[in-house]
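Keep the model open as you read.

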Amino acid sequence: MRFKKWRLLRGVLRKTHTYKIIVAFFAVFFLIALIIWLNDPAVHTYRQSIYYCFMIASSVGNGDVIVSTTLARILTMFLSVYSLFAIAIVTGVVVSYYNAYTQMQFRDSIENFTEKLEQLPDLSEDELREISDAVKKFRMK
């Protein structure tokens, strides 16, 4: 079952091109951090620029680092909007994965139940009782 989860997640990521979106997001993130570090005198280190970009991308915005150039402010606005879209897409993929996984589990349980019903004449009393209990549980849900 564990490998089915990973195959399903990979399938969802491949079909939605989320790999490309995630890689592009990180490339843009670190590129903007580099440009801000090189062009803004208020940002002293690349590490501080990454911290600033993280605060912008996560919508936390502590305000302890404030950029002062027009270019840095424009890049800040771009990064904040871009990160909203990237986070929304990743969230959509996770929800899609969860829905597909739930449907897969439902299909597996129905197939298992149908298989047992097909072998009904060959089942022992304990196995019949187990099927009966499973049906009762299903009806209670």
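Buried means under 20% relative accessible area, exposed means over 50%, and partly exposed lies in between, with a 1.4 Å probe and protein chains only. This is a predicted model, in which local features need pLDDT of at least 70, side-chain atom pairs count only at pLDDT 80 or more, and totals for chains, interfaces and linings use all residues. Residues are numbered from 1 along each chain as its sequence is written, and side-chain values use heavy atoms, with hydrogens and water left out.

Start with His17. His17 is partly exposed, at a relative accessible area of 45%. His17 sits in the loop between helix H1 (2-16) and helix H2 (18-39). Helices here are DSSP runs of H or I with at least four residues, strands are runs of E with at least two, and numbering goes from the N terminus. The phi of His17 is positive, about 60°, although His17 is not a glycine.

Ser59 is another such case. Its phi is positive too, about 65°, and Ser59 is not a glycine. Ser59 belongs to the loop between helix H3 (46-57) and helix H4 (70-118). Ser59 is exposed, with a relative accessible area of 55%.

Now go to Thr18. Thr18 lies in helix H2. Thr18 is buried, with a relative accessible area of 1%. Setting aside neighbours within four places in sequence, Thr18 is in contact with Leu13 and Val93. Contact means heavy atoms within 4.5 Å.

Val93 leads on to the packing of two helices. In H2, residues including Thr18, Phe25, Phe29 and Asn39 meet residues of H4, among them Leu71, Phe78, Tyr82 and Val93. The residues of this contact of H2 with H4 divide into 19 nonpolar, four polar and no charged. In this scheme Ala, Val, Leu, Ile, Met, Phe, Trp, Tyr, Cys and Pro count as nonpolar, Asp, Glu, Lys and Arg as charged, and the others, Gly among them, as polar.

How do the axes of H2 and H4 cross? They come within 10 Å and cross at roughly 160°. That makes H2 roughly antiparallel to H4. Axes are lines fitted to C-alpha atoms, for helices over the stretch in contact, and angles run from 0 to 180 degrees between N-to-C directions. Angles under 35 degrees count as roughly parallel, over 145 as roughly antiparallel, 65 to 115 as roughly perpendicular and the rest as oblique.

Side chains of opposite charge can pair when their charged atoms come close. A salt bridge is a side-chain nitrogen of Lys or Arg within 4 Å of a carboxyl oxygen of Asp or Glu. By this rule there are two salt bridges. Glu125 pairs with Arg129 in a salt bridge, with the closest N and O atoms 3.7 Å apart. Glu125 and Arg129 are four residues apart in helix H5 (residues 125-140), so about one helical turn separates them. Asp126 also forms a salt bridge with Arg129, at 2.9 Å from N to O. Asp126 and Arg129 are three residues apart in H5, about one turn of the helix. Glu125 is exposed at 59% relative accessible area, and Asp126 is exposed at 52%. Arg129 is partly exposed, at 46%.
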